[in-house]
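The sequence and structure come first.

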Amino acid sequence: TYSEFKKLLAEIGKPPDEVLFWTDQIRYQDPRGPEAVYGINPLKAPFKTLLSALTQNDYLGPLDKLSLAPLVAPALRSFESLARDHDGETVKEWWARRGGTQDVLERFLRPFCRAIQFSDVDQFSAFNFLGWVHHAAYDLPHALAGGYRGPRDELIFAPLGRYLTDRGATIRTGVKLREIAYDADARRVTGFELETGERVEADAYVAAVPAWHFTPLIPGPLR
């Protein structure tokens, strides 16, 4: 996915190094409480990673951190076995089955899933999530977190918008989707009903919004 993203940036005239930065730590913040910064690569930053795991107990307590031990297992298993055992469950279901704590779910897993996949723990595949852990562990020397060097509107969306409009596209903002029209007999989406009452029809439909907003609009036969 990120390889394709870097190709897209190059295509719209934004070199990846001008848009993205890489770091060996991740910041978590509870909007109603404390925050924490965790090191993510014990090879590149061993002291930072160990110290951050042992301290900051006001964000996640010692027992919460110990409950994260099941995340180590995917590093030792094959990708095929992860798909076989976890492709049919969500991160939330997997965590509940493991007896994980609610604090870890809300303060660690939910924001992590939203950040890397724009999906909530209720929709994010446990196989997909554990696959991230698997790949990071197998290539630990290169495991880093990425971020944007500034506002995404300036860095990505505005240049991408210009790229599209220069090629004949029309961009409309501030328009909410009310309903997805679906023909069950033809097994295809037939249109988007907007909040204004307007109906939009196209040859192809692409959804690129957070899953927790989009899921309620998906027609029953497609869920």
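Arg110 is buried, with 13% relative accessible area (buried means under 20%, exposed over 50%, partly exposed in between; 1.4 Å probe, protein chains only). The model is predicted: local features need pLDDT of at least 70, side-chain atom pairs count only at pLDDT 80 or more, and totals for chains, interfaces and linings use all residues. Residues are numbered from 1 along each chain as its sequence is written, and side-chain values use heavy atoms, leaving out hydrogens and water.

Arg110 sits in helix H7 (residues 102-117); helices (H or I, at least four residues) and strands (E, at least two) are DSSP runs, numbered from the N terminus. Beyond neighbours within four places in sequence, Arg110 contacts Leu105, Asp120, Val121 and Asp122 (heavy atoms within 4.5 Å). Salt bridges link Arg110 with Lys92, Glu106, Arg114, Asp120 and Asp122 in a network. A salt bridge puts a side-chain nitrogen of Lys or Arg within 4 Å of a carboxyl oxygen of Asp or Glu.

## Salt bridges

The structure holds 15 salt bridges. One of them joins Asp30 to Arg107, with the closest N and O atoms 3.0 Å apart. Asp30 lies in the loop between strand E2 (25-29) and strand E3 (35-39) and Arg107 in helix H7, so this pair ties together parts 77 residues apart in sequence.

Asp120 pairs with Arg114 at 2.8 Å, N to O. Asp120 is buried at 5%; Arg114 is partly exposed at 33%.

## Positive phi

Gln56 is not a glycine, yet its phi is positive, about 60°. Arg187, also not a glycine, has a positive phi of about 55°.
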